[in-house]
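Subject: Structure handover and notes

Hello,

Please find the structure below. My notes on what was found in it follow.

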Amino acid sequence: MQTVHFIAILLHILAAVVWIGGMVFLGAVLIPVLRASRATGAQYTELIHKTGTRFRNVGWACLAILVLTGIVNLGRWGVGLERLTQTELWGSAWGRILLIKLALVATALTLSAVHDFVIGPRATRTLRAAPGSDDARRMRRAAGWMGRANLVIAVLIVALGIMPV
């Protein structure tokens with residue numbers, strides 16, 4: 001069982017590193033480089049679209065690994081479905097931290113889904129059709145803020161995961 005636990009923790013950490021690192025790369029490297037290069041509207045849109053689509057696939061694979069290994073890790077701590085329904089768990093400091101972490105995970109999953117499957121594609125369509133329009137700027141700004149919010153949530157999840165009780 002220790003080998004399974006070790007592998008679950010290793011995969012959990014690696015998936016978090018790739019997911020968070022990808023978000024940091026997009027916001028701190030790719031977008032600033034594109035803006036500084038003064039890429040044309042079409043070039044900017046296509047590069048963001050292709051990079052975003054590629055990262056979406058990697059990101060969702062990481063999120064799936066995080067959820068699955070998170071369940072394995074909870075099991076190692078003796079937290080299964082039955083214990084999740086007991087008020088004793090939620091009354092403890094560890095349980096309250098877990099509750100906040102799970103709420104943030106649900107928020108991150110929801111925000112990722114809306115960003116990746118609604119706002120992102122809509123922003124791409126709008127940028128392709130009318131790159132300089134107010135609607136295109138608004139959609140690009142919304143996608144950017146959602147990405148930043150998800151990054152902050154991801155960092156909070158990590159902080160809660162290592163928080164001593």
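Does Arg137 count as buried, exposed or partly exposed? At 34% relative accessibility, Arg137 counts as partly exposed; buried means under 20% relative accessible area, exposed over 50%, and partly exposed in between, with a 1.4 Å probe and protein chains only.

Before the rest, a word on the source. This is a predicted model, in which local features need pLDDT of at least 70 and side-chain atom pairs count only at pLDDT 80 or more, while totals for chains, interfaces and linings use all residues. Residues are numbered from 1 along each chain as its sequence is written, and side-chain values use heavy atoms, with hydrogens and water left out.

Overall layout

The protein chain has 6 helices and 0 strands; helices (H or I, at least four residues) and strands (E, at least two) are DSSP runs, numbered from the N terminus. The C-alpha atoms fill a box of roughly 55 × 30 × 25 Å along the principal axes. Of the 165 residues in the chain, 28% are buried. Among contacts (heavy atoms within 4.5 Å) between residues at least 6 apart in sequence, 72% join residues at least 24 apart. The chain exposes about 10200 Å², with carbon and sulfur atoms supplying 71% of that area; accessible areas come from the Shrake-Rupley method with a 1.4 Å probe, and for residues only the protein chains shown count as cover.

Salt bridges

Side chains of opposite charge can pair when their charged atoms come close. A search of the whole structure finds 3 salt bridges, a salt bridge being a side-chain nitrogen of Lys or Arg within 4 Å of a carboxyl oxygen of Asp or Glu.

Arg137 pairs with Asp134, the closest N and O atoms being 2.6 Å apart. The two are 3 residues apart in helix α6, so about one helical turn separates them. Asp134 is exposed, at 56% relative accessibility.

Arg138 and Asp135 also meet in a salt bridge, at 2.4 Å from N to O. They too are 3 residues apart in helix α6, about one helical turn. Both are partly exposed, Arg138 at 48% and Asp135 at 32%.

Arg128 forms a salt bridge with Glu46, with 2.7 Å between the closest N and O atoms. Arg128 lies in helix α5 (residues 93-129) and Glu46 in helix α2, so this pair ties together parts that are 82 residues apart in sequence. Arg128 has a relative accessible area of 45% and is partly exposed; Glu46, at 29%, is partly exposed as well.

Positive patch

Arg35, Arg140, Arg141 and Arg148 form a positive surface patch. Patches are made of residues with over 30% relative accessible area and no salt bridge, with like charges joined within 9 Å and nonpolar side chains (Val, Leu, Ile, Met, Phe, Trp, Tyr) within 5 Å. Lys and Arg count as positive and Asp and Glu as negative, while His and the chain ends are not counted. Helix α6 (residues 134-162) gives the patch its largest share, 3 residues. Arg140 is in helix α6 and is partly exposed at 33% relative accessibility.

Leu66 is in helix α2 (residues 41-76) and is buried, at 14% relative accessibility. Leaving aside neighbours within four places in sequence, Leu66 is in contact with His12, Ala15, Ala16 and Trp19.

Leu14 is in helix α1 (residues 2-37) and is partly exposed, at 44%. Leu14 and Cys62 are 48 residues apart in sequence and 8.5 Å apart from C-alpha to C-alpha.

Regards

Methods
The place of a charge is taken as NZ of Lys, CZ of Arg, CG of Asp or CD of Glu.
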